Every structure is written in C-alpha cells, then in structure tokens.
Amino acid sequence: AAEAALAADRLALAGEILAPFDEANTLDARSRHVAGLAAMRLGDQPAAQRHFELLLEEFPDDGAIRFNLAWSHALANEYERARAVLGDDSQAGLPQAAMLDLQLHHHLGELEAAEDKLANYLERFPDYAPLQAAASVLAMDLDQADLARACAERGGAHPDALSTLGALELGEQ
C-alpha cells in the first residue's frame, strides 16, 4: 500500500502507512526504502537519512542506497557530507550518481576534479539527459562553450540544459 501511495505521489499517505511499523522497528528493507524515498520527497531529510543509513548498514555495497543517502544530504545543503557518502560510487553503473558527483564537485568549487571526470561520465552515460544538463552548466564554468552547447542539446527539456542554451544564445546576440 505504501509503494502504491508513493507511486501515486501521495507521499504523506505512504509515510502514514509505514509509521506504525517504523515505530515498532519492524520495517523490512523494501519498506524502509519506500519510507526513505517518501521522507526525502516530502523534504524531511533527517528522516530520509535515518532510513538510508540503516539500510546502508545492512547493505554497505548497494550503490542505489548510497546514492539516495548522498542525494538526501545534498538536498539538505550538506554538500561535504554528500561527497563523503557518495565516495567513489559514482564510478558504478548509476548515471544519477555520476550526475551528483559532478554537481558536488562543481558546487564545492572543485572544477578540476569535475573536469577530470567529465569526459568519462559523458562517454559512459550519453543518453542520460540530467547528466548532460549538469555537464552543460559545468562546461559553461569551464569556458567550454562548444561542449556546453552539445551537452545542453542532449539534455532535452531539463531546466539546466535550457538555461545553458539560453545563456549561450544571449552571449551570441
């Protein structure tokens, strides 16, 4: 029921369904993951982080859980903590982790580190529009207008891609 509520974007309902089980400490891993996702999407990052940290203790090699915990820290403006949690998992098969890795480096002013990873990520995940959009913003700050345009065009309707294209158009006119 909680998964159906989450899928229907009834986040509070998903949390309400799982709350008694959480209070009794009887959530299984799947339900804890749903609870973490619902809390994260509701903006309750401390609750989301608690769920994902417990899951990560049980499944320390799960890149998706690590990504969700890192994402929750990033949403809470805890960029250093997000960086520490994400670690090198951005090298795994998750394009979302690669995107977050670039965004964290960019946000923390680590442009060289982001630039060092950029080509590899774009080659590995050429069809993941949010990564392309994040790369377009990074490329702008790296003064690589051609790369920024190419990434933004592959970023589709993502707001970062559209912003990059708009900035490039303004610069040309």
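**Burial, salt bridges and cores**

User: Why is D22 called buried?

Analyst: D22 has a relative accessible area of 18%, and buried means under 20%, with exposed over 50% and partly exposed in between (1.4 Å probe, protein chains only), so D22 counts as buried. This is a predicted model, in which local features need pLDDT of at least 70 and side-chain atom pairs count only at pLDDT 80 or more, while totals for chains, interfaces and linings use all residues. Residues are numbered from 1 along each chain as its sequence is written, and side-chain values use heavy atoms, with hydrogens and water left out.

User: What makes the pair R50 and D22 a salt bridge?

Analyst: A salt bridge needs a side-chain nitrogen of Lys or Arg within 4 Å of a carboxyl oxygen of Asp or Glu; the closest N and O atoms of R50 and D22 are 2.8 Å apart, so the pair qualifies. R50 belongs to helix 4 and D22 to helix 2 (residues 11–23), so the bridge ties together parts 28 residues apart in sequence. Helices here are DSSP runs (H or I, at least four residues; strands are E, at least two), numbered from the N terminus. R50 has a relative accessible area of 36% and is therefore partly exposed.

User: How do you know that D101 is buried, and which salt bridges does D101 form?

Analyst: The relative accessibility of D101 is 0%, so D101 counts as buried. D101 pairs with R83, the closest N and O atoms being 2.7 Å apart, and these two lie 18 residues apart, R83 in helix 6 and D101 in helix 7. R83 is buried as well, at 16%. D101 also meets K117 in a salt bridge, at 2.8 Å from N to O, and K117 sits in helix 8 (residues 111–124), 16 residues away. Elsewhere, bridges that share partners join D22, R32 and R50 into one network, and the structure holds nine salt bridges.

User: What makes a group of residues a nonpolar core, and which residues have the most contacts inside the largest one?

Analyst: The name is given to a set of buried Ala, Val, Leu, Ile, Met, Phe, Trp, Tyr and Cys residues joined through side-chain atoms within 4.5 Å. The largest has 18 residues, and F52, L86, L100 and L104 have the most contacts inside it. Among the elements giving two or more residues to this core are helix 3 (29–42) and helix 5 (63–75). A second, separate core of 14 residues includes L118, L122, A135 and L142.
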